[in-house]
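Please examine the sequence and the structure shown below. This report is intended for a reader new to them.

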Amino acid sequence: MNKPENDTEFVAAPAPNEDVLANKPKRARVDDAIDPDAEAPTASDEPRKRDYLEGFLAKAPAAGEVGGAGSDLQQAVVDALKEIYDPEIPVNIYDLGLIYGVEVDDEADVTVTMTLTTPHCPVAETMPGEVELRAASVPGIRDAEVDLVWDPPWGPDKMTDEARLELGML
């Protein structure tokens, strides 16, 4: 068998069931910012300018609990999920009762437990990904995970009164 001209060795990607990142990376903090005056001199003689980041880096994060039931961060995730609408029903997925739980831990990781109206729902492949992206995009959230469950099954009894009113069921 002929050997390729370049002797490049290829490394296979890890298997999907292989845990690549055992521990999540450390979160960056405002207190960890390096003072530009304390840095080693660069090739240019001009000092580094902080420009638009100066105000952001000067503001310390708010003290208090990050996650937990009733936290501001949890409410922000719920508000973000209320912006996702079911493509067949003019009601958001939260009021429709598809979201069973939103948990934010002390590390600002969110876990959303949700279901769909049926396992054969046309958006069964895309909706959990959209929920994960929307939850992860909330400022302050480090990571998001969606658990798709089928028990208990969804039913019209899970809808809020606002959703029932919108659909003419009240």
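## Basis of the model

This is a predicted model, in which local features need pLDDT of at least 70 and side-chain atom pairs count only at pLDDT 80 or more, whereas totals for chains, interfaces and linings use all residues. Residues are numbered from 1 along each chain as its sequence is written, and side-chain values use heavy atoms, with hydrogens and water left out.

## Overall composition

The protein chain contains four helices and three strands. Read from the N terminus, these elements follow the order α-α-β-β-α-β-α. Helices (H or I, at least four residues) and strands (E, at least two) are DSSP runs, numbered from the N terminus.

The chain has 170 residues, of which 25% count as buried. Here buried means under 20% relative accessible area, exposed means over 50%, and partly exposed lies in between, with a 1.4 Å probe and protein chains only. The chain exposes about 12700 Å², and carbon and sulfur atoms supply 52% of this area; accessible areas come from the Shrake-Rupley method with a 1.4 Å probe, and for residues only the protein chains shown count as cover. Among contacts (heavy atoms within 4.5 Å) between residues at least 6 apart in sequence, 60% join residues at least 24 apart.

The three strands form an open sheet in the order 1-2-3, with mixed pairing. Strand 1 and strand 3 are the edge strands, each pairing on one side only. On average, neighbouring strands of this sheet are turned by 15° against each other, direction ignored. Two strands pair if DSSP finds at least two bridges between them.

Strand 2, residues 109-114, pairs with strand 3 in the parallel sense over six bridges. Within this pairing, D109 stands opposite D143 in strand 3.

## Helices across the sheet

Helix 2 lies across strand 1 and strand 2, and runs at about 145° to strand 1. Helix 3 lies across strand 2 and strand 3, and its angle to strand 3 is about 150°. For these angles, axes are lines fitted to C-alpha atoms, for helices over the stretch in contact, and the values run from 0 to 180 degrees between N-to-C directions.

## Three individual residues

E145 belongs to strand 3, which spans residues 143-148. With a relative accessible area of 44%, E145 is partly exposed. Beyond its neighbours within four places in sequence, E145 is in contact with V110, T111 and V112. E145 and V131 are 14 residues apart in sequence, and their C-alpha atoms are 8.9 Å apart in space.

The other two residues lie in loops. N92 is located between helix 2 (72-81) and strand 1 (99-104), and it counts as buried because its relative accessibility is 7%. A polar atom of the N92 side chain lies 3.0 Å from the backbone nitrogen of Y94. Residues up to four places away in sequence not counted, N92 touches K82, I84 and Y85. G140 is located between helix 3 (127-136) and strand 3, and it counts as partly exposed because its relative accessibility is 43%. Leaving aside neighbours within four places in sequence, G140 contacts R27, L73 and A108. G140 and E107 are 33 residues apart along the chain, and 9.8 Å separates their C-alpha atoms.

Technical notes:
Polar contact = N/O pair within 3.5 Å; in protein donor to acceptor, adjacent residues only side chain to side chain.
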